[in-house]
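This briefing covers strand pairing, helix packing and salt bridges. Please read it alongside the sequence and the coordinates.

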Amino acid sequence: MLYDAIRAFDTDKAAREDYYRIMDTEIEVRGRQQTIREQILRIYAMLFCDDMNLEIGAVAGPDEVEATADRLYIGTAGFDPDHWYRMKYGFPVIDEDNFDRFAALVISDLKAGPMHEAMMKHGDMLLVGERNPLQLTEEERQSQKLVAIDLNSIGR
């Protein structure tokens, strides 16, 4: 439901309302109350905690999400719309207004969206590439180190 609300966010007022309702819902995690937004931003931060020098349990902010969004690829590294995650899902700019929505899209997609289904059925993966992929040459991009994201192992 969260994934669908994010995908329809720009075109459907009810989807926007669903998105905000879901993201602002309070849950208890390890005896502590937090919103789903906070939980998603913590999970997103864990994907990049080593590279961004974030403490375990830190919440990703707009700067961290913007700095890491270009590193996410679907299946193989490439900046075409079929492989570059943020462009495939229409996030040409990531800023204060939409950073949490982008992070929620990534996490909800991995948990229950098409990426989850593609992983289960076809073995497709969401990959994390080098820190500054926009600055890489084509040769560097082809030989960059890629890490597959597995939400089940984050934080271990």
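In which helix do Asp18 and Arg21 both lie, and how many residues apart are they? Both lie in helix α2, 3 residues apart, which is about one turn of the helix. The model is predicted.

**Salt bridges**
- The count of salt bridges comes to 6.
- Asp18 forms one with Arg21, with the closest N and O atoms 3.4 Å apart; Asp18 is partly exposed at a relative accessible area of 26%, and Arg21 is partly exposed at 44%.
- Asp24 and Arg37 meet through their side chains in a salt bridge of 2.4 Å, N to O.
- Asp24 lies in the loop between α2 and β1 (26-29) and Arg37 in helix α3, so this pair ties together parts 13 residues apart in sequence.
- Asp24 is partly exposed, with a relative accessible area of 42%, whereas Arg37 counts as buried at 18%.
- A network of salt bridges links Asp24, Arg37 and Asp100.
- In helix α7 (residues 114-122), Lys121 and Glu117 are 4 residues apart, about one helical turn, and their side chains form a salt bridge (3.3 Å, N to O).
- Lys121 is exposed at 59% relative accessibility; Glu117 is partly exposed at 43%.

**Helix packing**
- Helices α2 (residues 13-23) and α3 (residues 36-52) pack at about 80°, their axes 6 Å apart, which makes α2 roughly perpendicular to α3.
- Tyr19, Tyr20, Ile22 and Met23 of α2 meet Ile36, Arg37 and Ile40 of α3; these contact residues comprise 6 nonpolar, no polar and 1 charged.

**Sheet**
- An open sheet of 3 strands runs in the order β3-β4-β5 with antiparallel pairing; β3 (72-74) and β5 (147-148) are the edge strands.
- β3 is joined to β4 (residues 126-128) by 3 bridges, and Ile74 has Leu126 in β4 as its bridge partner.

Methods
Residues numbered from 1 in each chain as written. Predicted model: local features only at pLDDT ≥ 70, side-chain atom pairs only at ≥ 80, totals over all residues. Heavy atoms only, no water. Pairing = 2+ DSSP bridges. Helix = DSSP H or I, 4+ residues; strand = E, 2+ residues; numbered from the N terminus. Axes fitted to C-alpha atoms, helices over the stretch in contact; angles between N-to-C directions. Parallel < 35°, antiparallel > 145°, perpendicular 65-115°, else oblique. Contact = heavy atoms within 4.5 Å. Nonpolar A, V, L, I, M, F, W, Y, C, P; charged D, E, K, R; others polar. Salt bridge = Lys/Arg side-chain N within 4 Å of Asp/Glu carboxyl O. Buried < 20%, exposed > 50% of the residue type's maximum accessible area, 1.4 Å probe, protein only.
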